[in-house]
Amino acid sequence: MCKHILNAQVSIRAPCCKQWYDCSECHAEKQTHKLVKTMEMGFLCKKCKKAFYKDMEKYEESDEFCPYCDNHYVIEAKIPHAVVGVEGEDARIDARMLKDERMKAKNNHSVFELDPDEEAALLDF
C-alpha cells in the first residue's frame with residue numbers, strides 16, 4: 001500500500017532493480033540508486049493482480065485500462081494532506097483530553113450553589 005498515492009491502481013516494475021513499487025517515491029525510499037527511465041513499462045493491476053506491459057512510445061487513450069479486467073488505472077492521484085490536530089499523550093494511557101459527545105454532561109453540584117429550599121432556610125435566620 002502506497003503512502004504517497006492513496007488511490008494507486010497499479011504497481012510499476014522498476015527496470016533497474018526488477019522490483020515492483022507503487023510509485024517512484026516508494027522506489028526512492030527503498031533503494032539507493034535512481035529509478036531508470038524506460039519506454040516499455042511493466043504494470044501490475046491491483047484489481048485483478050495480473051501483470052502487463054505497455055510501450056510508452058505508442059501509448060493511446062485506450063491504454064489507460066487494464067487489458068484483463070478493464071480497470072481504469074490512469075486517474076487523478078489522491079495525495080495525503082497534513083491535518084491540524086491536537087497532539088497529546090497516548091489516549092490508552094491518559095484519556096483526559098478525550099470527550100465523549102454521546103454522554104450527557106453531569107450536573108456538578110457546587111458548594112456555592114444552593115437549592116431553593118436550602119437558600120430559603122438560610123434566609124429565615
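In this predicted model, strand 1 (10–13) and strand 3 (40–45) pair in the antiparallel sense through 4 bridges. Within this pairing, I12 stands opposite F43 of strand 3. Strand 3 is also joined to strand 4 (residues 51–55) by 5 bridges, and these two strands likewise run antiparallel. Here M41 stands opposite K54 in strand 4. Strand 3 and strand 4 form a hairpin with 5 residues between them. In its turn, K49 has a positive phi of about 65 degrees.

The largest pocket holds about 270 Å³ of space. Its lining comprises 15 residues, and those closest to the centre are I5, V10, I12, Y73 and V74. Strand 1 and strand 3 each contribute at least two residues to this lining. By class, the lining of the largest pocket consists of 12 nonpolar, 2 polar and 1 charged residues.

The second largest pocket has a volume of about 220 Å³. Of the 13 residues that line this pocket, I12, C23, S24, L35 and M41 lie nearest its centre. Strand 1 and helix 1 (24–30) each provide at least two residues of the lining. The lining of the second largest pocket divides into 8 nonpolar, 3 polar and 2 charged residues.

Note on methods: Residues numbered from 1 in each chain as written. Predicted model: local features only at pLDDT ≥ 70, side-chain atom pairs only at ≥ 80, totals over all residues. Heavy atoms only, no water. 1 Å grid on protein atoms, 1.4 Å probe; cavity = no way out; pocket = protein on both sides within 12 Å on 5 of 7 lines; lining within 4 Å. Points joined across faces, edges and corners; volume = space filled by probe spheres on them. Nonpolar A, V, L, I, M, F, W, Y, C, P; charged D, E, K, R; others polar. Pairing = 2+ DSSP bridges.
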